[in-house]
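Take a moment to look over the chain as a whole before turning to its parts. The paragraphs below go from the overall division of the chain to single helices and single residues.

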Amino acid sequence: MTLRFVLLGDPVRHSISPAMHRAAFEIRELDAEYTARRTAPGEVGSIMRSAGLAGGNVTLPHKLRAARALTRPSAAVRATGACNCWWRRTDGELAGDNTDVGGLRIALSRLGFQPQGGRVLLLGAGGAARAAVHALLEGGVSSVEILNRTPARAHALRDRALAHATDAARAADAVRVAAAPHPGATYDLVLNSTSLGLSPGDPFPLDLGPGGHGGRFGAAVDMVYAAGGTAWIRHARTLGIRATDGLDMLVGQAALSLERWFPGLEAPFEAMREAAVAELAARSGPESGDGSGTG
Ligand SMILES: NC(=O)c1ccc[n+]([C@@H]2O[C@H](COP(=O)([O-])OP(=O)(O)OC[C@H]3O[C@@H](n4cnc5c(N)ncnc54)[C@H](OP(=O)(O)O)[C@@H]3O)[C@@H](O)[C@H]2O)c1
């Protein structure tokens with residue numbers, strides 16, 4: 001029997017998730033299909049509970065709603081309040097995870113960044129930032145400074161991180177809200193989790209150069225991705241900063257989703273990445289939109 005998986009979101013038209021998962025199904029010879037479905041808020045829970053589906057992914061703007069529909073949320077879902085991957089267990093329970101957390105870990109590891117003891121500047125305080133703070137704290141960073149356009153949201157993110165941290169005292173020490181980067185400070189990593197870079201005319205989320213605020217950065221990760229890399233990541237590289245955009249994180253969350261749905265299976269990461277790159281290139285053509293975005 002063909003197992004059916006679905007991506008729920010709005011919009012989903014530009015999603016490259018179907019291409020990645022279909023490539024994986026083919027390589028691993030899985031009798032499964034994956035489709036993207038534009039979903040209204042009120043439909044999320046009922047679709048997830050429908051008997052005809054083995055599981056799926058969730059993207060903007062439904063990750064928080066999806067978390068509430070689960071009967072078996074993972075520790076990462078409880079910590080972030082967000083679910084991007086769910087599946088129906090054999091006992092009928094609805095299990096889910098936030099594989100954005102593990103996807104970011106994979107991206108950091110591929111970049112050669114070891115979180116342990118690291119000092120991080122996090123730009124943004126939305127849903128993706130929740131996954132980032134959780135991954136960074138669990139990875140053992142020494143500090144995370146959150147810089148967000150709306151400071152109240154940064155404070156709310158810090159409160160949430162402290163409430164759900166494995167070690168609350170350490171988290172209270174490590175997670176801070178910043179009004180601006182410390183001039184002249186050195187950060188091991190700057191991580192963009194804002195949506196700046198999604199639209200062609202967007203300014204950089206932070207000027208990393210000498211004309212900027214004067215901080216120094218060992219590495220840069222942009223959660224936004226684009227065919228050929230985002231402009232901000234290219235800017236970082238011209239300054240000699242090792243940098244990667246959100247593609248590895250995206251492929252990582254997809255690979256981990258596949259491994260949740262098919263326990264014991266090893267996801268074909270490189271083949272999924274190749275499918276993602278090919279799909280992005282096809283979509284960044286002159287008539288195909290900007291080729292950047294989420295899931
Ligand atoms: N690569 C991946 O696998 C992956 C996974 C998840 C998300 N993402 C990407 O991460 C980004 C954020 O997603 P999200 O779910 O966190 O979205 P979100 O919850 O809507 O948060 C958006 C964030 O961007 C900030 N922002 C938006 N416009 C801004 C502007 N003009 N100037 C400064 N800051 C601005 C917001 O600041 P305010 O709080 O002030 O509004 C907020 O911090 C998206 O680009 C998404 O594509 C990538």
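Predicted model: local features only at pLDDT ≥ 70, side-chain atom pairs only at ≥ 80, totals over all residues.

The chain is divided into two domains, and domain 1 is made of two separate stretches, residues 3-99 and 250-283, whereas domain 2 covers residues 102-247. The centres of domain 1 and domain 2, taken over C-alpha atoms, are separated by 25 Å. Where the two meet, 20 residues from domain 1 and 14 residues from domain 2 take part in the contact. The size of an interface is often given as the accessible area lost when the parts come together. Between domain 1 and domain 2 this buried area is about 1400 Å², and carbon and sulfur atoms give 62% of it. On the side of domain 1, the residues that lose the most area to domain 2 are Ala-79, Thr-80 and Leu-280, which together give 34% of what that side buries.

Thr-80 lies in helix α4, which runs over residues 75-80, and with a relative accessible area of 0% Thr-80 counts as buried, because buried means under 20%. Its side chain is joined to that of Asn-98 by a polar contact of 3.0 Å. Leaving aside residues up to four places away in sequence, Thr-80 touches Asn-98, Val-101, Arg-130, Ala-131, His-134 and Arg-160.

Just after α5, Gly-112 takes a positive phi of about 85°.

How far does helix α11 reach from its first C-alpha to its last? The 15 residues of α11, 269-283, reach 21 Å, close to the 21 Å expected at 1.5 Å a residue. Its buried residues are Phe-269, Met-272, Ala-275, Ala-276, Leu-280 and Arg-283. Seen down the axis of α11, these buried residues fall within an arc of 135°, so they line one face of the helix. Glu-274 and Ala-282, on the other side of α11, are exposed. The buried residues of α11 pack against α1 (17-27), α5 and α10 (247-261).

Two further residues complete the picture. Met-48 has its place in helix α2, residues 44-49, and is buried, with a relative accessible area of 0%. Not counting residues up to four places away in sequence, Met-48 touches Leu-8, Ala-66, Ala-69, Leu-70, Trp-86, Arg-88 and Leu-94. Phe-204, by contrast, is found in a loop, the one between β11 (189-192) and β12 (216-217). Its relative accessibility is 37%, and Phe-204 therefore counts as partly exposed, a class that lies between the limits of 20% and 50%. With residues up to four places away in sequence again left out, Phe-204 touches Leu-196, Ala-231, Trp-232 and His-235. Phe-204 and Arg-105, which are 99 residues apart in sequence, are 24 Å apart in space, C-alpha to C-alpha.

Methods. Residues numbered from 1 in each chain as written. Heavy atoms only, no water. Helix = DSSP H or I, 4+ residues; strand = E, 2+ residues; numbered from the N terminus. Expected span 1.5 Å × (residues − 1). Buried < 20%, exposed > 50% of the residue type's maximum accessible area, 1.4 Å probe, protein only. Arc of directions from axis to C-beta. Contact = heavy atoms within 4.5 Å. Domains from an automatic or database assignment. Buried area = accessible area lost by both parts, 1.4 Å probe. Polar contact = N/O pair within 3.5 Å; in protein donor to acceptor, adjacent residues only side chain to side chain.
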